Amino acid sequence: MRHARRTARRITRLAAVGGLLCGSLLVTHAIANEPGASGPPVPVGERLVAQLGAARTAGSWLGADGRTVVAVTDAGAAADVRRAGARAEVVRHSMRDLRSAAATLRAAPRVSGTAWSMDYGSNEVVVRADSTVSAGDWSRLAGVARTIGASVRMERTRGTFTTRVDGASPIFASGGRCSAGFDVTDGKAAFLLTAGHCGPVGTTWFARPDDATALGTTVSGTFPGNDFSLVRYDDGAPRAQSDVVAIGGGRGVRITGAADPVVGQRVFRSGSTTGLHSGRVTGLNATVNYPEGTVTGLVQTTVCAEPGDSGGPLFADGLALGLTSGGNGNCDAGGTTFFQPVGAAMTALGVRLTGTSGDDDAEAGAGSGQARPGGDVAPSAPPAGSEAGAPSEGGTGTGVGTGTNMGGATDTGNGTASGTGTGADTGPVAAISRVVNTRSVGPGLLVIGGSLIALVAARSMRSSRRGRGAW
């Protein structure tokens, strides 16, 4: 009998110690699981292109089935791609050939109203000319294309390639209206990241056209060449929801990090003129010859945009991708829109997204397109007849403002998205959830609590038996 009790006590103690270890692991994992801390993984296509090199590959993209496709120039590279789990497509022109073609086009006399980008799917550099390009300029540019060879394709397009001055939320200056992009910080001050063509250094911005108090001032930027600028908030005061992109109706999507877009990826854009729209990435490293100057390194998409949407955010799956630069068409007929990659802009400016890893204050930074001065989520005007929502693909966006979770949004027929859901994302619970994964913390604490109770019970059993001389 005594041996059985001793065995039961030992089993209880061992189980309690094991429970403490398991519970501690759960809590440790939850606290370490800060959104955006480790950054997004490198896409398999990008990794394979880097490994195989520019002479053996010609880019990668997402196929219609969502599978990664890598363009390769030889059978050996194709085999390597298949072993990595991607689909290989053997092509004639390498990435080195396409880059050489683009460099020749850049060196030719500049023609306003033209643009070109690498079309990985067709294995060509596609040159587009809008309605403002004269017959003579078109003929001269076609002559340059002929000297390059079969790696270049010429196309005419409707409308004109223009910047979209006139985002989420609107920001106003004497020269016009733009959209706020993303809130960023250098670890000390709060800034707004938007398009460079919206205004030169020294431009004063207001949250509303009749405001007497300025929102901020442009302190750095580049246009043409690149298309980004940095607006320093005048008061520098931290505000809630500075890591949220407004998508209309007082709602928003939380941004947890930044990434480079992938050709074929579905993306979303929010702007103060047209609200939320979606489309696909169709090209990278695009060059656009705006009337004001040439901008290179842009992301080409099928997302529509209109004047006033400039500077607004491009995002997907809770990740910041770009800033609206310009394009042609509109949101009735559709069109092509180009975006400044956000990663390149932040690197050049020495800033990072507010609330991501390395930020001393997760809420440092002021509201902008994400939040108006004062902390309220600023609504963008959604397209008529639609209710703006967040991406349905990936579903990582977190709704704010009205307490509506936008992660389960569904697409509507016109390319916008609508979503429903419940659950507020404000207050102490939301603050804790940014740092810890509460779904893991809860079970971990329960396991630890139960283990401690078991240890106390085992100790009590031992003490009781000793007092009675039974142990």
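Predicted model: local features only at pLDDT ≥ 70, side-chain atom pairs only at ≥ 80, totals over all residues.
1. E124 touches L98, S117, M118, D119, A150, S151 and R153, when residues up to four places away in sequence are not counted; contact here means heavy atoms within 4.5 Å. E124 lies in strand β5, which covers residues 124–129. Strands (E, at least two residues) and helices (H or I, at least four) are DSSP runs, numbered from the N terminus. E124 counts as buried because its relative accessibility is 16%; buried means under 20% relative accessible area, exposed over 50%, and partly exposed in between, with a 1.4 Å probe and protein chains only. The side chain of E124 also makes a polar contact with the side chain of S122, at 3.1 Å. A polar contact is a pair of N or O atoms within 3.5 Å; within protein, one must be able to donate a hydrogen and the other to accept it, and residues adjacent in sequence count only if both atoms are side-chain atoms.

2. Residues are numbered from 1 along each chain as its sequence is written, and side-chain values use heavy atoms, with hydrogens and water left out.

3. For the protein overall, the secondary structure comes to eight helices and 27 strands. Of its 471 residues, 49% count as buried. The accessible surface comes to about 20,100 Å², and 54% of that belongs to carbon and sulfur atoms; such areas come from the Shrake-Rupley method with a 1.4 Å probe, and for residues only the protein chains shown count as cover.

4. T114 is placed in strand β4 (residues 114–119) and counts as buried, at 1% relative accessibility. Its side chain makes a polar contact with the side chain of N289 at 2.7 Å, and a polar atom of that T114 side chain lies 2.6 Å from the backbone oxygen of V111. Leaving aside neighbours within four places in sequence, T114 is in contact with R128, A129, V133, L141, F161, T287, V288 and N289.

5. The axes of helix α4 (residues 95–107) and helix α5 (residues 135–148) come within 10 Å and cross at roughly 150°. The two helices are therefore roughly antiparallel. The contact is made by A101, T104 and L105 of α4 with L141, V144 and I148 of α5.

6. H277 is found in strand β19 (residues 275–290) and is buried, with a relative accessible area of 5%. The side chain of H277 reaches the backbone oxygen of T274 at 3.3 Å. H277 and A305 are 28 residues apart in sequence and 8.3 Å apart in space, C-alpha to C-alpha.

7. Some backbone values deserve attention. Most residues other than glycine have a negative phi, and most peptide bonds are trans. N123, in the loop between β4 and β5, has a positive phi of about 60° although it is not a glycine; N123 counts as buried, at 5% relative accessibility. N285, in strand β19, has a positive phi of about 55° and is likewise not a glycine, but N285 is partly exposed, with a relative accessible area of 49%. A cis peptide bond joins F223 and P224, with omega about -5°; P224 lies in the loop between β13 (216–222) and β14 (228–233).

Terms used:
Axes fitted to C-alpha atoms, helices over the stretch in contact; angles between N-to-C directions. Parallel < 35°, antiparallel > 145°, perpendicular 65-115°, else oblique.
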